[in-house]
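Okay, thanks for coming, everyone. I'd like to walk you through some charged pairs and then a bit of the surface. Let me put it up on the screen.

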Amino acid sequence: METCGEDRCVLQMAEFVVRASYGKATSLNLSSKKLKEVPQCVFSLTSLSVLLLNNNCITALPSQLTSLQHLAELNLGNNALKEIPAVLRHLESLKKLYLFSNQITAVSPEVMGALRNLVVLNLNHNQIQRLPPEIKSLRKLRHLSVLDNNLEEVPAELGHLTKLSEMNLTSNRLSRLPEQLYQCRGLTKLHVARNQLTSLPEGIGALEKLQVLDVAGNKLSMFPVEFHLVPLKELHCEGNRFVHCEPMPSTQDAEVLALKELVARFVLWENRNKFSLIQRMLPHYPHLTALLANGSCCAVCLRPFLTTWLECVHFVSLRKDMRIKSSLTIPVRALLCSYKCFNTEGHSYYGVAIR
């Protein structure tokens, strides 16, 4: 009886595909059909641009899939794939690829390097541990979602995805994010909730279009410098380990700057003067220019420094200072160049105590 049922299902599937073939269909929906493999008759539908195979029991894709050279959207979500099928690298017209809720543990560098027209990539609910550097080839990607996986890090090459608009890395094992992420200046939504992040990299102000940031359920103690200048509309940050404003006695050590720091501060200051000799000569010393690029600016006197600073914090009202509909006050990191600036009256910066 079971065999008869399977045969009947195959016949129905064939009839379904034949009707699609006669109608020169560009879309085929075979979702929730209890399929263990892709029916052979599908590969004759060479005009297909959308193929939905989600909610089946598919474990692999045959090489014949390459006949679908016009395929722009492929949904393989909720199947039994253990790896990203190698045949996908030949489908260069793909723009949307859904592989959520499979058993994928690794992402093929060859496939990632070939899908140069991909706009949407969904890898949610798998067991992926890392993304390959070849992901940098997805220059047209706008939506990347790797929610609920086992990622321990993401590659710096993500910074090449300059058209990325939304990224979801929620529920992984990330302890840090690469600073190159801020090269994705088109980001409007960034979800990194429920990871193990202890800090966000400096430079977040470069994300001038960021509207939604979700960092809930991490181990953050404060937000990076100038975070309050990011034009957010939504911020989700509950469940972190933020510092609190609590008066306590402190001591100030004698301030002795190294010669390297003193010279760096002088050069950085002079480099602001467009008529100075230093500004004209620096381009001839690329290694020095690269070193000075790591300099920062005092939050009080605005003078530059290189590697020696005081770690401070100020508390920002989301409603008043960032115009976000929330009553929360968050700690934002601030760097001061000296105790002299720290002891200046009129600012709202606090020293950070480690207990």
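So, in which helix do Glu261 and Arg265 lie, and how many residues apart are they? Both sit in helix 3, residues 259–270, and they're four residues apart, about one turn of the helix. Keep in mind that this is a predicted model. The two side chains form a salt bridge, with the closest N and O atoms 2.8 Å apart. Glu261 counts as buried, at 3% relative accessibility, and Arg265 is buried as well, at 14%.

Searching the whole structure turns up three salt bridges. Let's go to Arg333, in strand 14, residues 329–336. Arg333 pairs with Glu202 at 2.6 Å, N to O. Glu202 is in the loop between strand 8 and strand 9, so this pair ties together parts that are 131 residues apart in sequence.

Arg333 also forms a salt bridge with Glu311, where the closest N and O atoms are 2.7 Å apart. Glu311 lies in strand 13, residues 310–317, so here the parts tied together are 22 residues apart in sequence.

Now the surface. There's a nonpolar patch of about 460 Å², made by Leu277, Met281, Tyr285, Leu288 and Leu291. Helix 4 and helix 5 each give two or more residues to that patch. Leu288, for one, is in helix 5 and is partly exposed, with a relative accessible area of 36%.

Conventions: Residues numbered from 1 in each chain as written. Predicted model: local features only at pLDDT ≥ 70, side-chain atom pairs only at ≥ 80, totals over all residues. Heavy atoms only, no water. Patch = residues over 30% accessible without salt bridge, like charges linked within 9 Å, V, L, I, M, F, W, Y side chains within 5 Å. Areas by Shrake-Rupley, 256 points an atom, 1.4 Å probe, with all protein chains shown as cover. Salt bridge = Lys/Arg side-chain N within 4 Å of Asp/Glu carboxyl O. Buried < 20%, exposed > 50% of the residue type's maximum accessible area, 1.4 Å probe, protein only.
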